[in-house]
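The following note is meant for a colleague who is meeting this structure for the first time. Its points may be read in order, beside the sequence and the model.

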Amino acid sequence: MSSSSPLPLDDLRVVELGQLLAGPFCGQLLGDFGAEVIKVEDPVNGDPMRQWGREKPYGQSLWWPVVARNKQSVTADLRTPRGQDLVRRLVAEADVLIENFRPGTLERWGLAPETLWETNPGLVVTRVTGFGQTGPYAARAGYGSIGEAMGGIRYVTGDPDRPPARAGVSLGDSLAATFACLGTLVALHQRGRTGRGQVVDSAIYEAVLALMESLVPEWQVAGYQRERTGTTLPNVSPSNVYPTADGEMVLIAANQDTVFRRLAEVMGRPELASDERYATHGARGTYMEELDGLIAEWSTTVAADDLLERLHAGGVPAGRIFRAKDMLADEHFAAREAIVRLAHPDLGEFAMHNVAPKLSESPGSVRHVGPRLGEHNDAVYRGLLGLDDEQLSSLRADGVI
């Protein structure tokens, strides 16, 4: 999909040194809104994301075309002086540098922010790590799963009678990248005032912690420890997944008094709304299991489509538990173009989620899937850095690119 109008970040150039997910997802978000993202990869293997994913038709990752969408790929061996020099020259022409190596790695390569600012004082250096750039844990290896555990989300995810569960997506990495993107845009705004860049320090565990609502004061002030509650919200009822006559699952959220009255009408049990056990928010929380049983007893007599039609007509929030096949078939997804289809050079039509959020005047767009390794070496190194045939041939011969 191409955009005929200017994109809101198309005046920004981003050099992305990160790999796997935490750094590259930040680059993807900026690229979605038009930033020119030049991804620098190892010349031999590239980003490991090129090999990651549960399903790999024709030996190709289905994750890579998504996380590397809208980006250009160049190669450079950052462990060599010549590779480091290429990056210094790229960064001198950039607005943002994204990296997610362990703290100290850039410094070891002669690419410390202070060094880069000598030639490009307006550069924003966005650094994504497990534990941040400072503190006693900074030097530890920090994967997303560890940050999720430390930030608090793992402990409260899953069923109470089982060990803490994973969310099913790389939540910690994606959150750290999203906050890194937010920080990058804030730093660029500040640069407009001062002319100077700064370091954006996004730690996975802190990004997860930022999502944890009032978990900390609940313990610090009230001595209350949140626990795993499975499909329910503690003391909030009804808000659960209920079975249907045709074996589907429907989520119903009718915990406000007015909404519960509407649910009781849809159920044909209006008297439930005046029953002292269910009439108030607090009472429904106390009698949650009993109320869930009544709703499940009713929902199992109705097929999912009919059930949802009744609930929606009655003004009760409800919905299916969507899977990919449901998303691809859903009329609302289609109407809002929540999924976009692009051409993949090897796999044909390739569907993926579209850009979020939607902007009314300057929306982002997905222009192309993730590139082949080093696909843009010539375009970038010739066009941006002005290297000639002899220099490029030398770099290739020596394995630098």
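Predicted model: local features only at pLDDT ≥ 70, side-chain atom pairs only at ≥ 80, totals over all residues.

1. A residue is called buried here when its relative accessible area is under 20%, exposed when that area is over 50%, and partly exposed in between. In these terms both faces of strand β4 are covered: V96 and I98 are buried on one side, and L97 and E99 are buried on the other.

2. The strands around β4 may be taken next. Strand β1 (residues 13-16) runs parallel to β4 and is joined to it by 3 bridges; E16 has I98 of β4 as its bridge partner. β4 is also joined to β5, through 4 bridges, and these two strands run parallel as well. There, E99 is partnered by R127 of β5.

3. β1 has a further parallel partner in β2, with 4 bridges between them. V15 stands opposite I38 in β2. Strand β2 (residues 36-41) is mostly covered, as 5 of its 6 residues are buried.

4. Which residues touch the most other members of the largest nonpolar core? They are V14, C26, L30, A35 and M352, in a core of 43 residues. At least two residues of this core come from each of several elements, including α1 (22-32), β4 (96-99), β5 (124-129), α7 (171-194), β10 (339-344) and β11 (348-353). Helix α7 gives the most, with 7 residues.

5. Leaving aside residues up to four places away in sequence, L30 touches L9, V14, A35, I98, C181, T184 and L185.

6. Helix α10 (residues 257-267) has buried residues at V259, F260, L263, A264, V266 and M267. Viewed down the helix axis, the buried residues of α10 fall within an arc of 160 degrees, so they line one face of the helix. The buried residues of α10 pack against β8 (249-253), α11 (281-286), α12 (288-299) and α13 (304-313). G268 follows the helix and has a positive phi, near 75 degrees.

7. The count of aromatic pairs comes to 3. In one of them, F131 and Y137 have ring centres 6.0 Å apart and planes at 80 degrees; the pair is edge-to-face because planes over 60 degrees apart are classed in that way. F131 counts as buried, at 7% relative accessibility, whereas Y137, at 34%, counts as partly exposed. Y137 has a further neighbour in R140, which lies over the face of its ring at 3.8 Å from the ring centre.

8. How are the rings of F322 and F333 arranged, stacked or edge-to-face? They are stacked, with 5.7 Å from centre to centre and 20 degrees between the planes. F322 belongs to the loop between β9 (318-320) and α14 (324-329), and F333 to helix α15 (residues 331-335), so the pair ties together parts that are 11 residues apart in sequence. F322 is partly exposed at a relative accessible area of 32%, and F333 is partly exposed at 24%.

9. Another charge lies over an aromatic ring at Y155: the charged end of R228 sits over that ring, 5.1 Å from its centre.

10. One joins S237 and P238, with omega about -5 degrees; P238 is placed in the loop between α9 (215-222) and β7 (239-243). Another runs from A356 to P357, with omega near -5 degrees, and P357 is found in the loop between β11 and α16 (377-383).

11. N70 is not a glycine, yet its phi is positive, at about 70 degrees. N70 lies in the loop between α2 and β3 (71-75) and counts as buried, at 5% relative accessibility. N235 likewise has a positive phi, of about 65 degrees, without being a glycine. N235 is found in the loop between α9 and β7, and it is exposed, with a relative accessible area of 53%.

How values were computed:
Residues numbered from 1 in each chain as written. Heavy atoms only, no water. Core = buried A, V, L, I, M, F, W, Y, C linked by side-chain atoms within 4.5 Å. Buried < 20%, exposed > 50% of the residue type's maximum accessible area, 1.4 Å probe, protein only. Contact = heavy atoms within 4.5 Å. Arc of directions from axis to C-beta. Phe/Tyr/Trp six-rings, centres within 6.5 Å; stacked < 30°, edge-to-face > 60°. Lys NZ or Arg CZ within 6 Å of the ring centre and 35° of its normal. Pairing = 2+ DSSP bridges.
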